[in-house]
Amino acid sequence: TIPSSQSQNAPALADPLHSSGASGDDSTAAYNDMICECVRVGEIQKAEALLESMADSGVSPSVTSYNLVLNSYSSSGDVPKAAALLSSMLEKNIQPNDVTYATVCKVMAFNGLVSKIEEFMKILRQSGVKLNIYFYGALISACGRCSPPDVLTAERAFHDMVSDGIRPQSVKRCLARTVGVNRASALISKACKDSALWMRSRPVKAQTSTNFPELVDARLSLKSAACQYGPAGIAWTQSLPDEASSMGTCDSE
């Protein structure tokens, strides 16, 4: 719960919005930019207060508004707050997207909650959500947070990820932290070799018509999301590892 004093101070941060007569969509985008900036400088409580004050100011929070605050919890692993915020979204009929769900997994990964992430991913898969590199990266990272590291689950997650058509190198760093550098290199090398053999075994016509469409779709999806969410969405993708935003890598810290 946000202290009342912080909630009262939050509207002051948004005074320029009211004085400029910003429209609904513009106001939401402006709030998102302010929330993003608060998160960037580590002022999480101000970000929470801004989100809480949006409805009171007649501005409708978007899924991006919630995603930005959710992402702020990933550096501290604040699962209770992440769960409460997700519940709040659903209560207000704001539909979570894949970024929302992947960020929740990222928060759980900080605490090494392997079974919870697996359960979450299973529910999402059954609901028709296509799992991307961020989900698998969170799961492998969570395995590395266990004591001792859950190597078997991490390797199984890696193989499942590759089976889903996601580039083996996508989780190189978090896999190495979990199973060791040598083992990670061996797993990635074998996966790449198997992929090359599979490609060579396909009919020539099929080879020329497609090349790992899932990876292409993932890149286009991320690019589309950044454009859709505007400056705040782009800033969110930039908060991830460089490889994640450019090549589809999810090496969660």
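## Reading the helix packing, step by step

Q: Tyrosine 101 and phenylalanine 120: buried or exposed?

A: Tyrosine 101 is buried, and phenylalanine 120 is buried too. Bear in mind that this is a predicted model. The cut-off to keep in your head is that buried means under 20% relative accessible area. Across the chain of 253 residues, 45% count as buried.

Q: How many aromatic pairs does the structure hold?

A: There is 1 aromatic pair. A pair of rings is described by how far apart the centres are and by the angle of the planes. Here the ring centres of tyrosine 101 and phenylalanine 120 are 5.8 Å apart and the planes stand at 65 degrees, so the pair is edge-to-face.

Q: Now helix pairs. At roughly what angle do the axes of α5 and α7 cross?

A: Start with the distance and the angle of the axes. Helix α5 (residues 63-72) and helix α7 (residues 98-110) have axes that come within 9 Å and cross at roughly 10 degrees. Angles under 35 degrees count as roughly parallel, so that is how α5 and α7 run relative to each other. The crossing of α5 past α7 is left-handed.

Q: Which residues make that contact?

A: On the α5 side, they are Val63, Asn67, Leu70 and Asn71; on the α7 side, Val99, Thr100, Thr103, Val104, Lys106 and Val107. Sorted by class, the contact of α5 with α7 has 5 nonpolar, 4 polar and 1 charged residues.

Q: What about α5 and α6: what angle do their axes make?

A: The axes of α5 and helix α6 (residues 79-91) come within 10 Å and cross at roughly 175 degrees. An angle over 145 degrees counts as roughly antiparallel, and that is therefore the label for α5 and α6. From α5 the contact uses Val63, Tyr66, Val69 and Leu70, and from α6 it uses Ala82, Leu85, Ser88 and Met89. By class you get 7 nonpolar, 1 polar and no charged residues for α5 with α6.

Q: Which residues do α10 and α11 bring to their contact?

A: Geometry before residues again. The axes of α10 and α11 come within 9 Å and cross at roughly 155 degrees, so α10 is roughly antiparallel to α11. Their crossing is left-handed. The contact takes Val151, Ala154, Glu155 and Phe158 from α10, and Leu175, Thr178 and Val179 from α11. Those residues divide into 5 nonpolar, 1 polar and 1 charged.

Q: Take one of them, valine 151. Which residues is it in contact with, leaving aside its neighbours within four places in sequence?

A: Valine 151 touches Thr178 and Val179. Valine 151 belongs to helix α10 (residues 151-163). With a relative accessible area of 30%, valine 151 is partly exposed.

Q: What is the phi of asparagine 93?

A: Asparagine 93 has a positive phi of about 60 degrees, even though it is not a glycine. Look for asparagine 93 in the loop between α6 and α7. Asparagine 93 counts as exposed because its relative accessibility is 74%.

Terms used:
Residues are numbered from 1 along each chain as its sequence is written. This is a predicted model: local features need pLDDT of at least 70, side-chain atom pairs count only at pLDDT 80 or more; totals for chains, interfaces and linings use all residues. Side-chain values use heavy atoms; hydrogens and water are left out. Axes are lines fitted to C-alpha atoms, for helices over the stretch in contact, and angles run from 0 to 180 degrees between N-to-C directions. Helices (H or I, at least four residues) and strands (E, at least two) are DSSP runs, numbered from the N terminus. Angles under 35 degrees count as roughly parallel, over 145 as roughly antiparallel, 65 to 115 as roughly perpendicular and the rest as oblique. A crossing is left-handed if the near helix is turned anticlockwise from the far one by less than a right angle, and right-handed if clockwise. Contact means heavy atoms within 4.5 Å. Ala, Val, Leu, Ile, Met, Phe, Trp, Tyr, Cys and Pro count as nonpolar, Asp, Glu, Lys and Arg as charged, and the others, Gly among them, as polar. Rings of Phe, Tyr and Trp (its six-membered ring) pair if their centres lie within 6.5 Å; planes under 30 degrees apart count as stacked, over 60 as edge-to-face and the rest as tilted. Buried means under 20% relative accessible area, exposed over 50%, partly exposed in between (1.4 Å probe, protein chains only).
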